[in-house]
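I opened the model to look up folds, domains and contacts. My entries follow.

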Number of protein chains: 2
Amino acid sequence: MQEFMKVHKARVEEELRRFFAEKKESVEHPLFRDAVEVIEEYTLRGGKRIRAILMILGYRLYGGEGDEIMKAAAALELVQSYFLIHDDIMDESDLRRGKATIHRIYEARARGKVRNPGRFGENSAIIAGDLANIYAIQLFQSSDFPHERKSKALEELLRIMEYTGYGQLIDVYSAIMDEFTERDLLTLHEYKTANYTIYGPLALGAILAGGDPEVFKDFAIPIGIAFQLQDDILGLFGTEEKIGKPVTSDLAEGKKTLLIIKALENASGEEKEVINKALGNPEVTLEELEKVREIVRRTGSLDYSRSLAEKLVNDGKRHLEGIKFPRDEYRKILMDLADYMIRRTK
Amino acid sequence: MQEFMKVHKARVEEELRRFFAEKKESVEHPLFRDAVEVIEEYTLRGGKRIRAILMILGYRLYGGEGDEIMKAAAALELVQSYFLIHDDIMDESDLRRGKATIHRIYEARARGKVRNPGRFGENSAIIAGDLANIYAIQLFQSSDFPHERKSKALEELLRIMEYTGYGQLIDVYSAIMDEFTERDLLTLHEYKTANYTIYGPLALGAILAGGDPEVFKDFAIPIGIAFQLQDDILGLFGTEEKIGKPVTSDLAEGKKTLLIIKALENASGEEKEVINKALGNPEVTLEELEKVREIVRRTGSLDYSRSLAEKLVNDGKRHLEGIKFPRDEYRKILMDLADYMIRRTK
């Protein structure tokens, strides 16, 4: 699995570099070339290329051969850039993978030159995200597959992007919903993570190989939701070293995770107050975080999230075990990859 | 021409309504349905549907028959919603076609519920714009044309969107460029207006009818640039009633129009100061506006813009006269439409 990931990560990045080189060639104005370079640098900063690799796996499992899949898979990494660039704006993030986010890059260029450099930065980054979106579909379209398959795959790609948009919307919207329930949250995880990161890529690979995408659903959706649940556990209980951001981040952002939702359901009046005071408070302290952690433990909410995640992983894996693929030898890699993703967040 | 516009505006809007009705059917969560409705209302608020109509004209000129073109043409109006939703955020506009912009609609919903309702509004609107973008390509893809033509047309649609993004970028960027020249400005108008509003739609229609899109270039690009130049003249010299926004808007926004660029080239030191003080000043007064107008007149900059626009219109029209189309009877409508667009801004 490690080897498969390493080899294909490199291949996908090679495609990305080729795409950007051609794009730079094709634009005339230095400002446009600069925009391409900004998006290129952001895209190639790193990342595990999980989505691209899952797409390749979905393709190989159904007997898909050859290298044309690399282009289509690389397109998913441009979709990812598009989402992340806009996401960074929404979260007002300064850093992405250890370097300045796109809106901050542009903001820095405008400092001292306009009344509102922040506005300038966000505006340029909205456009950069839009461009990455268009590049993604261009790269996808440039891959050479039989017309019908490609057209079906494009439809699926657009559906994935649409659903991810809905997931993003419910995420933003959770801040003002009077009642944000466990069901809403699982819908969010299904749309924003499971659909986008796991099911969608596998489905695209299957379609391009002429296989049945639906087969992956009962594996990918539970695994994807479990992945997000564990990511949220790590977000509240992890160390700064492990999660790569301040341990108070999720609380400060006001993230309504299942941990928080379930804790609020079973907390005392006083405990509820503690949580609500900490949630969405940019100044939340380590002491308050520790109190919230205690409440989440005491109310059984941590156990609840953990058991649900475990159940989902087992469901998903059991489903995959029951299926026979044309190239079944790739199934082990997919299983290992699922384990790897889940383990990573533990 | 009026009749052609009226009939096809209605047909295109019918397609849009059908698309949104199906989209609402297809989404489960009430929040997602709400998002579809917000985008629908925004899209159907009005607009002349110039781009859709030009696409239909390009199609008919090349002998394209039937109604399938309506879907593809309606898709351009969703592209327009996508651009406008993001544009409204960038310009911090409160109103679009007399009603609240999307970020303001969402902002109003969040008031009193979150620390920063403005942020919430913009975040939701970034997503809404992204969704409109995806819807546009979905609707375009759902039209039934021979595979090869449709795939070529999609490529062209993506190119148009890409170039419009570059145009938008140079527009935003003009605020911090040390030197923003006449050439940069004409590039902006070519990418953001001529390509997007006139050439692109005609080219798409031609491609879908199996015709040659290039033929429209020497007509559409000059006409499009002229259209924008005259729009800028109206923006500085028009009345509030005629331009539908405060007469000081363009100055306050800091718009570096050809009028401003040429005036600065030929202005005295004192005059330059007047212009630079007014440009980008949100508090600019009517008196300052009047002074800027005088300088633009005195330096010959107004005449320069006017003559250039006139020359471009004549060039464009002359080019179209030299071409014979398979269904040449539609050429008169196209000519009239060009006249109409130019006249509208006078």
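**Overall make-up**

How many helices and strands does the secondary structure of chain A come to? I counted 16 helices and two strands in chain A. Helices here are DSSP runs of H or I with at least four residues, strands are runs of E with at least two, and both are numbered from the N terminus.

I noted the ground rules. This is a predicted model, where local features need pLDDT of at least 70 and side-chain atom pairs count only at pLDDT 80 or more, while totals for chains, interfaces and linings use all residues. Residues are numbered from 1 along each chain as its sequence is written, and chains are lettered from A and ligands numbered from 1 in the order in which they are written.

Next I checked the dimensions. Along the principal axes, the C-alpha atoms of chain A fill a box of roughly 60 × 60 × 35 Å.

**Domains of chain A**

Domain 1 of chain A covers 1-144 and domain 2 covers 146-346. The bounds come from an automatic or database domain assignment. The centres of the two domains, over C-alpha atoms, are separated by 23 Å.

Then I took the contact between them. It pairs 22 residues of domain 1 of chain A with 28 residues of domain 2 of chain A. Contact requires C-beta atoms, placed from the backbone, to lie within 7 Å. On the domain 1 side, α3 (50-61) and α4 of chain A each give two or more residues. The largest share, ten residues, comes from α3(A). I sorted that side by class: 17 nonpolar, three polar and two charged. Nonpolar covers Ala, Val, Leu, Ile, Met, Phe, Trp, Tyr, Cys and Pro; charged covers Asp, Glu, Lys and Arg; the others, Gly among them, are polar.

**Chain A against chain B**

How many residues does each chain bring to the contact? I found 41 from chain A and 41 from chain B. On the chain A side, the elements giving two or more residues are α2 (30-43), α4 (69-91), α5 (102-110), α6 (117-141) and α7 (147-173). α7(A) gives the most, with 13 residues. The chain A side divides into 23 nonpolar, twelve polar and six charged residues.

**Helix pairs**

I started with α1(A), residues 2-26. α1(A) packs on α4(A) at about 80°, with the axes 9 Å apart. Axes are lines fitted to C-alpha atoms, for helices over the stretch in contact, and angles run from 0 to 180 degrees between N-to-C directions. That makes the two helices roughly perpendicular. The cut-offs are 65 to 115 degrees for roughly perpendicular, under 35 for roughly parallel, over 145 for roughly antiparallel, and oblique for the rest. Among the contact residues I listed Val12(A) and Phe19(A) of α1(A), and Met70(A) and Glu77(A) of α4(A). By class, this contact has six nonpolar, no polar and four charged residues.

Next came α1(B) and α2(B). They pack at about 170°, with axes 9 Å apart. They are therefore roughly antiparallel to each other. The contact includes Lys23(B) and Lys24(B) of α1(B), and Glu37(B) and Glu40(B) of α2(B). I sorted this contact into three nonpolar, one polar and five charged residues.

Last, I checked α12(B) (258-266) and α15(B) (301-321). Their angle is about 135°, with axes 8 Å apart. That makes α12(B) oblique to α15(B). Residues of the contact include Leu259(B) and Tyr304(B).

Conventions
Contact = placed C-beta atoms within 7 Å.
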